[in-house]
Amino acid sequence: MATMAVIDFETTGLSPNRGDRATEVAVVLVENGKPVRRYQSLMNAGVNIPGRIQALTGITNDMVAAAPAASAVMREVSDFVEDFPLVAHNAAFDQRFWDAELARVKRNRRQEFACSMLIARRVLPHAPSHKLGELAAFAKLPATGRFHRAQADAEMAAQLLAYMTKLVQRDYRIRDVDHDLWCRVQRTPVGALQQVLADY
DNA sequence: TGCCAGGCCCTCTTTAGGGCCTT
């Protein structure tokens, strides 16, 4: 099975278009559902972190002030990710920050994102919520650390993906559940998974 | 203090509105 890169950003807010910046990034490279390499770093973008965000993530202005420059971290994590296809929970969010922070170091994204939240809505339609933490509890996944820290959330998203991989392998007898299949799943209309995967 | 964005998805829909997710 090809390698996938599960990524998570912590940021100062929701929108890079409104000046929000990344404060931490973590990537877990997974093969056959198992983590094989990890990258994590706080990053200093030289901007203030609002108090409510510091309370949410536990990442303070002092922590980020002592961290490497955002530009250096983005070059490093971009080299780490290479061309591996990306996965994130609510990937539209992480994709916006990945693209925006890469653009600041004159780089471009070279691969597609799959979204574990869109996949979970289809594979786990009866979960009470599709928040990462709620899905982790629903699937009884082992704890990875403090929620809303990049490393813990990337590890949890990787575990969730492995959990959903096993379900699809079991229910549809598809041996090689790869990134292309996940992209197909997230484009599948909600409720139509069985029809779409039955003949895969 | 409360809000901000953007895309998906459902419904009391499609000439729209609002909840869910991410920080």
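**Exercise 1. Is His-148 buried, exposed or partly exposed, and where does His-148 lie?**

Step 1. Start with the cut-offs: buried means under 20% relative accessible area, exposed means over 50%, and partly exposed is in between (1.4 Å probe, protein chains only). His-148 has 35% relative accessibility, so this residue counts as partly exposed.

Step 2. Now find the place: His-148 sits in the loop between α6 (132-138) and α7. Helices (H or I, at least four residues) and strands (E, at least two) are DSSP runs, numbered from the N terminus.

Step 3. Look at the backbone too. The phi of His-148 is positive, about 70°, although His-148 is not a glycine. Most residues other than glycine have a negative phi.

A word on what you are viewing: this is a predicted model, in which local features need pLDDT of at least 70 and side-chain atom pairs count only at pLDDT 80 or more, while totals for chains, interfaces and linings use all residues. Residues are numbered from 1 along each chain as its sequence is written, chains are lettered from A and ligands numbered from 1 in the order in which they are written, and side-chain values use heavy atoms, with hydrogens and water left out.

**Exercise 2. Find the loop that holds Glu-82 and describe the phi of this residue.**

Step 1. Glu-82 lies between α3 (70-81) and β4 (86-88).

Step 2. Its phi is near 50°, a positive value in a residue other than glycine.

Step 3. With a relative accessible area of 39%, Glu-82 is partly exposed.

**Exercise 3. Describe the surroundings of Thr-3.**

Step 1. Thr-3 belongs to the segment before β1, and with a relative accessible area of 11% it is buried.

Step 2. Contact means heavy atoms within 4.5 Å. Not counting residues up to four places away in sequence, Thr-3 touches Leu-29, Val-30, Glu-31, Phe-84 and Pro-85.

**Exercise 4. Which residues does Ala-158 contact, leaving aside its neighbours within four places in sequence?**

Step 1. Locate Ala-158 in helix α7 (residues 150-172). At 7% relative accessibility, Ala-158 is buried.

Step 2. The contacts are Val-6, Val-28 and Val-30.

**Exercise 5. How many residues surround DNA strand B, and which are the closest?**

Step 1. A residue is near a strand if one of its heavy atoms lies within 4 Å of it. There are 28 residues around DNA strand B, and the closest are Glu-10, Arg-18, Arg-52, Arg-122 and His-130.

Step 2. Check the phosphate oxygens. One is 3.2 Å from a side-chain N or O atom of Arg-18, and a phosphate oxygen is also 3.2 Å from a side-chain N or O atom of Ser-129. For Leu-132, a backbone N or O atom lies 2.8 Å from a phosphate oxygen.

Step 3. Finally, the elements giving two or more residues to this surface are β1 (4-11), α1 (51-57), α4 (91-104) and α5 (116-123).

Methods: A polar contact is a pair of N or O atoms within 3.5 Å; within protein, one must be able to donate a hydrogen and the other to accept it, and residues adjacent in sequence count only if both atoms are side-chain atoms.
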